[in-house]
Amino acid sequence: MSKVILVTGAGRGLGTDIAREALAAGHQVVATGRRPDEVEKSLGGPQDNLLVTRLDVTSPEDAEATVQAAVDRFGRIDVLINNAGNLFTGYFEEISPAQMRKQFETNLFGPMNVTRAILPILRKQRAGHVITITSTAGLVGMEFTSAYAASKFAEEGWMESLRYDVEPYNIHTTIVEPGYFRTELLVDGSTTWPELSIDDYAPRTAPRIEGMKSMNGRQPGDPAKLARALLTIAQQEEPLLRFVAGADAIEAAEAKAKELLAQAEASRELGGALAYDGHHA
């Protein structure tokens, strides 16, 4: 069934693939980005089923205007795909406070802005689906990713809780946790390196940066296949609550689940006996 699908960050990378695959499948697409001319060009020019709008996800005003334009053009919105994001990478002490805040502005408050603008429409319809793309880094913390992982862990907590808020209105939510895909996340336009430099970290920082740069274009995942998988989920009557995307992501999720269970068991003796019993030492 044809749906109206709003995609953030559609100007390049995975967002372009999602919008392109959605158009090819016969959906009506609202493709958004900070540079709408580039978004439209990347999708092959004007089309009857395509609305391109300017959207900087950090701007609540842009989000409101985009949602209104989508309803004016297509009459409704069925699916929001929160895809826009970026990567601030580096060791925690070398990431400036300003960089950390910028990371959260885009990766957490950005999708919150767009979702906040769209939920009144979905509630009125008593139907809709919010899909938010987080990351394997939203499940597993790794070296050199403290800012990015923090923003993605926060995004996961928000989405897990949002599910319960909107379920009564027949609004579904899906968290998407991709592993490494050949998107444009690792190019300089999407990746920001540390502002600060500390001698202790220097021997580790340079190799890390070179390693990440060399990975670009060699990631195992195919973004076009991921885009098609997301469209499949958008058509499900009871969509997945969490979609772990990619063999590497599934392996990481399984390892994290085992670690959590092991740590819970290791905590049982000390942590399980902390109930208040009315006595104090």
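Me: In which strand does histidine 129 lie?
Reply: This is a predicted model, and every value that follows is computed from it. As for the place of histidine 129 in the chain, the residue belongs to strand S6.

Me: Is histidine 129 buried or exposed?
Reply: The relative accessible area of histidine 129 is 4%. A residue counts as buried when this value is under 20%. Histidine 129 is therefore buried.

Me: Which residues is histidine 129 in contact with, leaving aside its neighbours within four places in sequence?
Reply: Once those neighbours are set aside, the contacts of histidine 129 include Asp78, Val79, Leu80 and Leu122. The list goes on with Ile171, His172, Thr173 and Thr174, and it also holds Ile233, Ala234 and Pro239.

Me: What is the volume of the second largest pocket, and which residues are the closest to its centre?
Reply: The second largest pocket has a volume of about 240 Å³. It is lined by 14 residues, and the closest to its centre are Lys3, Ala127, Gly128, His172 and Ala234.

Me: How do the residues of that lining divide into nonpolar, polar and charged?
Reply: Sorting the lining of the second largest pocket by class gives four nonpolar residues and four charged ones. The remaining class, polar, has six.

Me: How many aromatic pairs does a search of the whole structure find, and how are the rings of tyrosine 91 and phenylalanine 144 arranged?
Reply: The search of the whole structure finds two aromatic pairs. In the pair of tyrosine 91 and phenylalanine 144, the ring centres are 4.8 Å apart and the planes stand at 80 degrees. Planes over 60 degrees apart count as edge-to-face, so this pair is edge-to-face.

Me: Where in the chain do tyrosine 91 and phenylalanine 144 lie, and how many residues apart are they?
Reply: Tyrosine 91 sits in the loop between strand S5 (87-88) and helix H4 (97-125), while phenylalanine 144 sits in the loop between strand S6 (128-133) and helix H5 (146-166). The pair thus links distant parts of the chain, 53 residues apart.

Me: Are tyrosine 91 and phenylalanine 144 buried or exposed?
Reply: Tyrosine 91 has a relative accessible area of 6%, which makes it buried. For phenylalanine 144 the relative accessibility is 3%, so this residue also counts as buried.

Me: How are the rings of tyrosine 91 and tyrosine 201 arranged?
Reply: The centres of the rings of tyrosine 91 and tyrosine 201 are 5.1 Å apart, and their planes are at 20 degrees. Because planes under 30 degrees apart count as stacked, the pair is stacked.

Me: How many residues apart in sequence are the parts that this pair ties together?
Reply: Tyrosine 91 lies in the loop between S5 and H4, and tyrosine 201 in the loop between strand S8 (191-192) and helix H6 (202-215). Tyrosine 201 is itself buried, with a relative accessible area of 18%. The pair ties together parts that are 110 residues apart in sequence.

Me: Which residues form one aromatic cluster?
Reply: Tyrosine 91 is in the pair with phenylalanine 144 and in the pair with tyrosine 201. The one aromatic cluster is formed by Tyr91, Phe144 and Tyr201.

Me: What radius of gyration does the protein have?
Reply: With 281 residues, a compact globule would have a radius of gyration near 19 Å. The value for the protein agrees with this, and it is 20 Å.

Key. Residues are numbered from 1 along each chain as its sequence is written. This is a predicted model: local features need pLDDT of at least 70, side-chain atom pairs count only at pLDDT 80 or more; totals for chains, interfaces and linings use all residues. Side-chain values use heavy atoms; hydrogens and water are left out. On a 1 Å grid over the protein atoms alone, a cavity is a set of points where a 1.4 Å probe fits but cannot get out, and a pocket is an open set with protein on both sides within 12 Å along at least five of seven lines; lining residues have an atom within 4 Å of a point. Grid points are joined across faces, edges and corners, and a volume is the space filled by probe spheres set on the points. Ala, Val, Leu, Ile, Met, Phe, Trp, Tyr, Cys and Pro count as nonpolar, Asp, Glu, Lys and Arg as charged, and the others, Gly among them, as polar. Rings of Phe, Tyr and Trp (its six-membered ring) pair if their centres lie within 6.5 Å; planes under 30 degrees apart count as stacked, over 60 as edge-to-face and the rest as tilted. Helices (H or I, at least four residues) and strands (E, at least two) are DSSP runs, numbered from the N terminus. Buried means under 20% relative accessible area, exposed over 50%, partly exposed in between (1.4 Å probe, protein chains only). The radius of gyration is taken over C-alpha atoms; the globule rule is 2.2 Å times the number of residues to the power 0.38. Contact means heavy atoms within 4.5 Å.
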